[in-house]
Structures are given as structure tokens and as C-alpha cells.
Amino acid sequence: MKRAILVTAALIALATAPGAAYMRFGVSINGTNTILRWPGAIPYRVSDADLATGISAADFDQALQRAFQAWQGVASATIQFTRQGFTSGRPSDDDSSNVFGFERRADLERTLAVTSYTIDVINGEIIEADVQFNAAQPWSVADGGSLTGFDLQAVAQHEIGHVLGLGHSAVGETEVSGTGRRLIASGAVMFPIAFPRGSLEGRTLRSDDIAGVSDLYKPASGGPRLGGLSGHVRKNGKGVFGAHVVAYGLRSGQIVGGYSINDDGDYVIGGLEPGSYVVRVEPLDDGDVESFFEDTRRVDADFAVTYYAKIAVAPRNGVAADIDVAVRSR
Amino acid sequence: MRGSRSRPMSRSIVAIAAGVMCVAALSAAGSASAQSRLEVTLSGARWEGYDLGQRRATITGPQAPTGTPVTLFDSDVAILPGPGAELRLGWRVFRGVYAEATGGLGVNSIEARIHDDIEQAPALTVSSTLTQVTVEGGALVELATLRLSAGHLVPFVDGGGGYLRQVHENRVLIETGRTIYLGAGLKWRSSALHPRGVAQRLMARGDVRFISRTAGVDVDDARRHYLTVSGGVGIRLF
């Protein structure tokens, strides 16, 4: 019998979080970190149970199909979704099938949607991924958007990114507003704070999203020869955990982020078009660090924005090493 | 935006200059045939730099239905001047007309001045080395011969095009492009006719070339222009 663990990720309306980057989900299986990804086509069902006010099953289905198509359309990745029709089941059901549906969660007043995985802890395979849209929130499926509701397609695209194995990006900026945070700008569909009602911007995948999914689902052959950058973030000679590293392509215009993910300050940013990059390191200091890391105590946010001292160059089909950045306490 | 030039103008310049070259070559060719001659010149050079323009890292603001850009930081990008070396082989095909092959090696830098960071990080300049290799072919037309007591001074114009290879620092990435060039210069020959001995086969040469290139290291698809200035010594092999 397979044992399973549940992992969740939520898209938040006007709540928390800062920064810049894509992150891949991973689990530790017997001490070995395993990246979550699907080995082949991803089947899904659309729940027609307890839909949100004003959203028909057909509206929901079509918004989802457009959102799936956006990810499938990434030329530098091999992604295939298979629609298996409607179901009366709920996303919260433990049924070994991937279900997208609504659940009324008035208690989660700032949460638009949640993706949950059930993972085989023996081999790290994804058994099931479900997406719950909060029916207690106002939704819109209008082509041109509506100020009365959050764009369903845009939020679905974010959640589908989680289903694919992407974590939250920190490519964005927020500021404190009351008890929460106000979105100043976002540079990724996978940024954890949604665009406000009426905005259609969440329908457009950004370079950070595309780099992330291209890194996860590289075509077996014939794909573009993408590169990457890697190095360390250090402070006083010691590695920094949880620094946000952003690569900006001088030619491509790509803005792609990554994180230093261990106590040595190691980071890797993949899915980059070959060329010259400016590398900027910033702290995860203005929001819910738990949107990005489980162990928030390890995250060091006490340093100033720092740039890599040279122009970094991403090769074709490889990762440039030693793009090291030394930061200082503020 | 700095650094971009208009394509129609550059095409006009190239077309006019190519026309002048053809007229000059036909005129020289019509005057007389000549013995074959091979000239080899090695020059030190300065490869000028050029702007690549401003690049702005932006993300998207929360306005509905479409957001306005919010700047993370700005950068002004340029190729900086650097030293180079050029080897030229000139084969005389008619009197005053040479087919010429040039191999060039230049060491430049690509530089980005970063400023206006959204979190007020101090402005700074980052750079990396860029080694450039060119292999070009073209024609050189000698316009006149000024006889001096110490030899002959020969003004010339030349033009051609070729292949550009740009190697990033540590050979992490190689990018390629194409060049066309128009130039002018002076040759000094110890003796233009009937050379006797190695000393009288020696020559010196100065060049100024206007280079127009496409592809290679860049921030967009614009054609870029720059100058190279070189001077060196050579020898007539036969």
C-alpha cells in the first residue's frame, strides 16, 4: 500500500509576499530530494459540483481549457494535458484522479485557490493533484475581464503551474498595506499574489514561468538549447539561505529568478536563452517567507540588494558556474 | 535609446561606397594589367566601441485590465574600445587593384551601467571581456602613387565583408555575426617598382575602416557601426 503526503500551495488575493523567481517543488524521499514532475500526459477532470455564483460548468471548463492551452503552448517545453470530461466528484476527494473544482471556503477570505498533491513517499511519484477554487470569492470569465471578479483563467493558470511542479515565484514587488500587502507589480504568473479584479495580466505567461516549465519539461530532442547560471550567495564568507537571485537577459529581456537553497548559498537558474545577463540578488524580506520556504527560520533576509560584479553569460546547453555574489548586512 | 542607427542610411552609405569602389576598380583595371604581387601586412589596431542602447528590466503593475510597466532597474549597455591585431593578405589582380583577405582579433569588453534600482541599490557598472575574431574578404583600389624621396605613398580605398565570431569571457558562449566594411588608408612602399632585396620589399600601411555588423552580441536585431584604426608593417613577397 502506498503512503502519501499532502502538499499544498495557495494563490492569495492581496495578502503577502515579495520578490522574484521560479521554484520547483520537491520532496525528500529517503533523504534524497526528488523534483516533482509528471512523466507523461497529465489527465484531469472538471468538477461541476457546487460551482461559484455566476459560473456555469461550461464557463469553468472553457476557462480551464484556455489556461491549459497557455502552458501547452510553451514551445521550449513538452507538456500535454488530457481532458477526461466532467465529474461530480470534488477536488478534495481522495480518488487518485486530478480534479479541478470549486469548494466554498469562506474561512479563507484571502485565498483564491489551492493546489494539493498526493505523493507516493516511496518513489516520489505524484499520485494525484487537485485544484480547489474558492467559491466564496467573486469570479469572472468575461473575455475582457470584469471589476466584479477575479479572472478565472488567470488564477487557473497559476494553479496549473503548481500542478506542473512549479512553486511560487518571487518576481514581483509588494508593499505593506493595512494588515496585508498591496501588489505593486508582478513578473510571473507564479507570483503568489494575484492581480486584482478586472486584470487580465495573469493570462500571460512571463519569462520566469516559461523558464521554469522549460527547465522541468525539457523536450527529449529538438528543443531550444537553453542554458543556465549557477553560483553562491555568501555573506561574511558563509552561504546565505533563501536569497532571491534574478537574472535579467540583456538581449532576451528575460527576467528569471531562483533561490539559494542551502546553507552553502547554492543557486541555479535554468531555462535561460544563451546570452549576457545582469544578476541581481535581493532578500525575501517583505512578505510571507513561507510562501516560498517551509523552514522560514533559515531564510536570511538581512542584506542589501547586490548585483553580481560582472556580466554573466549563459551558455547553450549548459550551466555557467561560479556566478558568486557577496552580500553585506544592511 | 542610444546606439541604434537607421538602417536605410547605412544601406545608402554602403551602396554609394560600393559604387565608388566599382568605378575605381574598373578604371584601374582598364588602364593596364600587371604582374601578380602578394602583400602581407601585420597591424596593431584599435577596435572602437559602440552603444548597444538602454535596456530596462520591467515587470507589470496591477492596473486593470492591463498593467503598466514597473521598472526593476535600468541598464545602459555598450561595447567598449579595445586593442586588436589584423593580418592582411593582398593579391594584386590588376594594376592598382588587390583582392584582399583580412583576419582580425580584437579584445573588447561588454559593459552595462546599472542604475535606478527599484530598491535604491547604488548604481554600478558591470562588464565582461569579449574576444572578437573577424575573417573578411574584399577589394582594395589604389588611387594614386605619390613619389617621395623615401619611397612611394599610395592612398587607397577598400571594401568587403565577412564573418564575425565573438567569444565571451571564459569561452562560455560563442556568438557569430556578419560584417561589411568600407575603408581608406595609406600604403608606404620603399620602392613601388623593381624591388631589390628584402629591405626594398618592406612596406607600411595605415587603415581606417567603417564596420557595419549584424547579429553577434547585441541587445536587439539592429545593425551596429563602429570604426577600426590600424597601422602596421608588411612585405611584398613577390
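User: How many residues does the contact take from chain B and from chain A?
Analyst: In this predicted model, local features need pLDDT of at least 70 and side-chain atom pairs count only at pLDDT 80 or more, while totals for chains, interfaces and linings use all residues. Residues are numbered from 1 along each chain as its sequence is written, chains are lettered from A and ligands numbered from 1 in the order in which they are written, and side-chain values use heavy atoms, with hydrogens and water left out. Contact means heavy atoms within 4.5 Å. The contact takes 42 residues from chain B and, from chain A, 42 residues.

User: What area is buried between chain B and chain A?
Analyst: Buried area is the accessible area (1.4 Å probe) that two parts lose on being put together, summed over both. Carbon and sulfur atoms give 61% of the area here, and the total is about 3,100 Å².

User: With which residue does B:D221 form a salt bridge?
Analyst: A salt bridge is a side-chain nitrogen of Lys or Arg within 4 Å of a carboxyl oxygen of Asp or Glu. Four salt bridges are found across the interface of chain B and chain A. For B:D221, the closest N and O atoms of the pair are 2.4 Å apart, and the partner is A:R251.
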